[in-house]
Amino acid sequence: MWARWWQSDGFWLFRRSPAAILAALVAVLILGGALLAPWLAPSNPYDLRTFDLMDGLLPPLWQGGDARFLLGTDDQGRDMVSAILYGARLSLLIGFSAMAIASVLGVSLGVAAGYWGGRFDAVVMRIADVQLALPAILTALLIDGIARGLLPRELHDDLRIPVLILAIALSLWVNFARTARASTFVERRKDYVEAAIIMGQHPLRIMARHILPNILGPLLVIMTVDLAAAILLEATLSFLGIGLPADSPSLGTLIRIGMQFLLSGEWWILWIPTLFLVALVVSINLIGDFLREVFNPRLR
Amino acid sequence: MAYFILKRLIQSVFVMLAVAFLAFALFRFVGDPISQMTGVETTIADQERLREELGLNDPFLVQFARFSGKMLVGDFGFSYRTRQPIGEMLLSRIPATLELGTVALLISLLVGIPAGVYTALRPRGAVTQAILISTLVGVSIPTFVIGIFLIFLFGVQLGWLPTFGRGGTVQFGWWRSSLFTVDGWRALVLPALTLGVYQLTLTMRLVRAEMMEVMRTDFIRFATARGLPMRALHYRHALGNTMIPVITIIGLQFGGVIAFSIVTESVFQWPGMGLLFLESIRFVDIPVMGVYLVVIAFFFVLINLVVDLLYLAIDPRLRVKEAA
């Protein structure tokens, strides 16, 4: 199994692409840091008792800060390393969940639309058209706004993360649906699908077992690119003050907090989370670009 | 031809109806309008009388028809938060957003198209590789980070440009413009750049892909075989055919510019529609949200309609297909 993987086309390309290797390395490092945040982080940024106002606004270690705080502290005395690790954890949690929901929703609708065609296809694609006309960020803002109006205030504060995930997922499903539908359209007319139909297999089984595995390649590319888009969207919403509040900061919230120090010289509060976010998104996008090359030999 | 235009018009009306319906449903079902308009001291009987006066007890479709009719004549109702007519609020904000968006779009096209053509003609050059890598980074950097960076560099470190507001403006009737003063332009530069950079990378990538596609076609190969000078080949034959899809790009980008102006306006405190929308979400000001949605959709539909008609005017092949 390992040998087969080692000798595969994709891995051969991977070994020859320094950009892809570097991107994968950065992504894995950040992902690992985020997953292990409770064990790696020196303190818990959600626990107000653990930080001391006396430690506020300390610069990073190499600028003469305190040995306890490698990347310095913010105005509350919160350790930046911990805040960033926990922030990345939240950003990735929201990004992955939104992407997962969007892909399941989009792919099932897309495959079904491509397989059955007809009226169902027309309805799904019209909805997709309308939504495609509205950029993702507008859709997400709107859904969040509706949730604010529908839910009582306390409930909305408790449900912030699920609402955010849903808002992002519902603004990203269209990409999956369109790609899945187009690929299914092609597969639907191939002999193996015809054979499965003649053998009397259930349509749902044909879609899931026969068609889906054959259209996974391009979908994987979209999953990567949309993961980056979801993380960016969450950061943007949090930056706008619509997403997560300051007491459970994601990377976007950290950047919004850091904005207040743009004029006063405490550069680390703003630029370190920003750099972290950009590195994460750039590396995910690079991986997406690489996957596109692997699955589309014409681009090589 | 006439049939095609009619079909597009009917489609546009249908989309507008769908959006208006969404806005109406938002207004009618998210929160109770009466409880928003009255205070705690209003009696139940008074509330019921108000409900009857405002026609909130009428059948749903009647209410929707009335709502659409009022939208059509520009009667957008009142904001829950400021109690001002929404029409006036929007009208005072629209020029700021349109000017910002137009300048951003111009930046995107004036830089993006030449860069796209260059990278397509020299796919293996060092400059091309550098441009391609920087666009990938450009796509990955969120708009607000670009804005913060520009503020930091030109506003804080160098102190060359203002970092918020519109600067000096000139009033033409209801249109307050910042395009006619030096101060206004200085205030406009950073937000427009912020908004333009992301669109620029998109324009460049699309033009590049389209140009490379055209360069592979038979008629270009034939023109090469005929011995046409490279200059004529590239800039007359190839570029001419590349420009057709670019019109669609402009249409699509207008949507992106409007959407991302929400972010840009927030970073630079630019007093446009996006900032108004953001405030309306923060304060759950449902009527403003709904009207913003309808107005934006109207812009989108209008632009798409114009793009389709331009297509028809520019590309003779489409006309033949319609006639056949």
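Because the model is predicted, local features are reported at pLDDT of at least 70 and side-chain atom pairs at pLDDT 80 or more, whereas totals for chains, interfaces and linings use all residues. Residues are numbered from 1 along each chain as its sequence is written, chains are lettered from A in the order in which they are written, and side-chain values rest on heavy atoms, with hydrogens and water left out.

We turn to the interface. In chain A, 33 residues are in contact with 36 residues of chain B, where contact means heavy atoms within 4.5 Å. The two chains bury about 3100 Å² between them, and carbon and sulfur atoms give 83% of that area. Buried area is the accessible area (Shrake-Rupley method, 1.4 Å probe, with only the protein chains shown counting as cover for residues) that two parts lose on being put together, summed over both. Zero salt bridges are counted between chain A and chain B; the term stands for a side-chain nitrogen of Lys or Arg within 4 Å of a carboxyl oxygen of Asp or Glu. Zero residue pairs in polar contact are found across the interface of chain A and chain B, with both residues required at pLDDT 80 or more. A polar contact is a pair of N or O atoms within 3.5 Å; within protein, one must be able to donate a hydrogen and the other to accept it, and residues adjacent in sequence count only if both atoms are side-chain atoms.

On the side of chain A that touches chain B, the elements giving two or more residues are α7 (136-150), α12 (216-239), α13 (251-259) and α14 (267-295). Helices are DSSP runs (H or I, at least four residues), numbered from the N terminus. The largest share of this side, 10 residues, comes from α14(A).

Helix α14 of chain A also holds Ile269(A), which is buried at a relative accessible area of 2%. Buried means under 20%, exposed over 50%, and partly exposed in between (1.4 Å probe, protein chains only). From Ile269(A) to Val294(A), the separation is 25 residues in sequence and 39 Å in space, C-alpha to C-alpha. In the same helix α14, Asp289(A) and Arg292(A) are three residues apart, about one turn, and their side chains meet in a salt bridge (4.0 Å, N to O). Asp289(A) is partly exposed at 29%, as is Arg292(A) at 33%.

Over all chains, the structure contains five salt bridges. One of them joins Asp121(A) and Arg181(A), with the closest N and O atoms 2.5 Å apart. Asp121(A) lies in helix α6 (residues 118-133) and Arg181(A) in helix α9 (residues 160-188), so the pair ties together parts that are 60 residues apart in sequence. Asp121(A) is buried at 9%, whereas Arg181(A) is partly exposed at 22%. In chain B, Arg93(B) forms a salt bridge with Glu279(B) at 3.8 Å between the closest N and O atoms. This pair links helix α5 (residues 86-121) with helix α11 (residues 273-282), 186 residues apart. Arg93(B) is buried at 16% and Glu279(B) is partly exposed at 23%.

Finally, Leu31(A), Leu35(A), Leu36(A), Trp39(A), Leu40(A) and Phe96(A) make a nonpolar surface patch of about 650 Å². Helices α3 (18-35) and α4 (37-40) of chain A each give two or more residues to the patch. Patches are made of residues with over 30% relative accessible area and no salt bridge, like charges being joined within 9 Å and nonpolar side chains (Val, Leu, Ile, Met, Phe, Trp, Tyr) within 5 Å. Phe96(A) is found in helix α5 (residues 80-116) and is partly exposed at 37%.
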